[in-house]
Amino acid sequence: MKKTMCELFAGVGGFRLGLEKSSKEWETVWFSQWEPGAKKQWAHECYTIHFGDVDDNTGKDIAEVNKKDIPDHNLLVGGFPCQDYSVARPLPGSKGLHGQKGVLWWQIRDTLEVKKAPFGLLENVDRLLKSPASQRGRDFGVMLACLADLGYSAEWRIVNAAEYGAAQRRRRTFIFIYRNDTKYGLQMKDAEPYNVMRFDGFFARTFPIQDFSERIKIVSLNYKDIPEVSDKFKFDFENAGYMTQGNVYTISTKPVEEEPTTLGSIVQEDAPEQYYITDDKMEKWEYLKGSKRIERKSSTGHTYTFSEGAIAFPDPLDKPARTMLTSEGTTNRSTHVIRDPKKKKLRLLTPLETERIQGFNDNWTEMMPDRMRYFCMGNALVVPMITRMGKTLNKIFEQE
């Protein structure tokens, strides 16, 4: 099977870069990157500088793109936002399902329905499996039910990148999907769910786990329709699982941990002076990073105590970085502050260091202003995790 790929919500190209590092045979036939409300599309510009453009549709809202115009591809990839996936019943005479406007899952679903890609690899935040708080598991249940309706099975795993050798403690949900009529799908059809999750499945082969003795939790998605799933489904998904023919199997797993990459090992030599914290800013940083107990009053007049514990200040260099957020680089509690190994002074991470934490090539985003470099890296994938998955995909594609 040709290694052709379509990349939705492409950002600065983490999926593409990671897969191409696993094999030069990967060919991206189309991509989409559009940041709503942004005057300048920095991520799209970064992507096209590195990879080139395809057509006039790549830099506009995916909802405005006719899915029939997307070239055929064998793998659909995308890291999409965690949103509210509740759906309403279609109005009489209307076609298809319509969730809330702007919810990007439906763009993935519609693309799969029209293009029928044999395989897909999707990424989301770890809380996807538990959302929304008022109906735990509904959103992921809606997604899985949609996939089952379209003739797909799915495997998923929450992966902490640091546990598999990366320089960041970043937990993300990855979902591998495949059409049931693929060779891989037919092989999995008669497999024991335990064996899929423990030995033979996509994630079991990519990210080894310890043996597990807990009972597998099972739930059915065989409701009348997707709106009924949205209305009624509630389930506590674990960090690994498998869905086929509308039946869901899930288990809590522990990784076979690998030696992580430390923050200190990727530190840039001779960081520019602008990233160092001056004495007049130190008090502010100490307050942000310190523990707090603050009396506050709610909008209804109720008085309560807001409290939070201290956070490492500076961040240790002998461990992987904490999860980077899009606010990295701002004067913010979540921003990393390190003691420069050479000058022994406190400073922020440089944009180049954030690229290294995510596993991108040095200066991947150098065409942007710093604020956007931090933002894009806070949004990005950990590229080495994609490369690992790419190596497993290569073996699957060779057998199709």
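Leaving aside its neighbours within four places in sequence, which residues is glutamine 168 in contact with?

View 1. Contact here means heavy atoms within 4.5 Å, and glutamine 168, leaving aside neighbours within four places in sequence, touches Asn160, Ala161, Ala162, Pro320, Ala321, Arg322, Thr323, Met324, Ile357, Gln358 and Val382. The model is predicted, with local features needing pLDDT of at least 70 and side-chain atom pairs counting only at pLDDT 80 or more, while totals for chains, interfaces and linings use all residues. Residues are numbered from 1 along each chain as its sequence is written, and side-chain values use heavy atoms, with hydrogens and water left out.

**View 2. Polar partners of glutamine 168.** Glutamine 168 lies in the loop between strand S7 (152–160) and strand S8 (171–179), where strands (E, at least two residues) and helices (H or I, at least four) are DSSP runs numbered from the N terminus. At 0% relative accessibility, this glutamine counts as buried (under 20% relative accessible area, with exposed over 50% and partly exposed in between; 1.4 Å probe, protein chains only). A polar atom of the side chain of glutamine 168 lies 2.7 Å from the backbone nitrogen of methionine 324.

**View 3. Helix H10 and its surroundings.** Seven of the eight residues of helix H10 (residues 351–358) are buried, so this helix is largely enclosed by the rest of the structure. The buried residues, among them Leu352, Ile357 and Gln358, pack against strand S15 (346–348), helix H11 (370–379) and helix H12 (383–398). Just after H10, glycine 359 takes a positive phi of about 85 degrees.

Definitions and conventions. A polar contact is a pair of N or O atoms within 3.5 Å; within protein, one must be able to donate a hydrogen and the other to accept it, and residues adjacent in sequence count only if both atoms are side-chain atoms.
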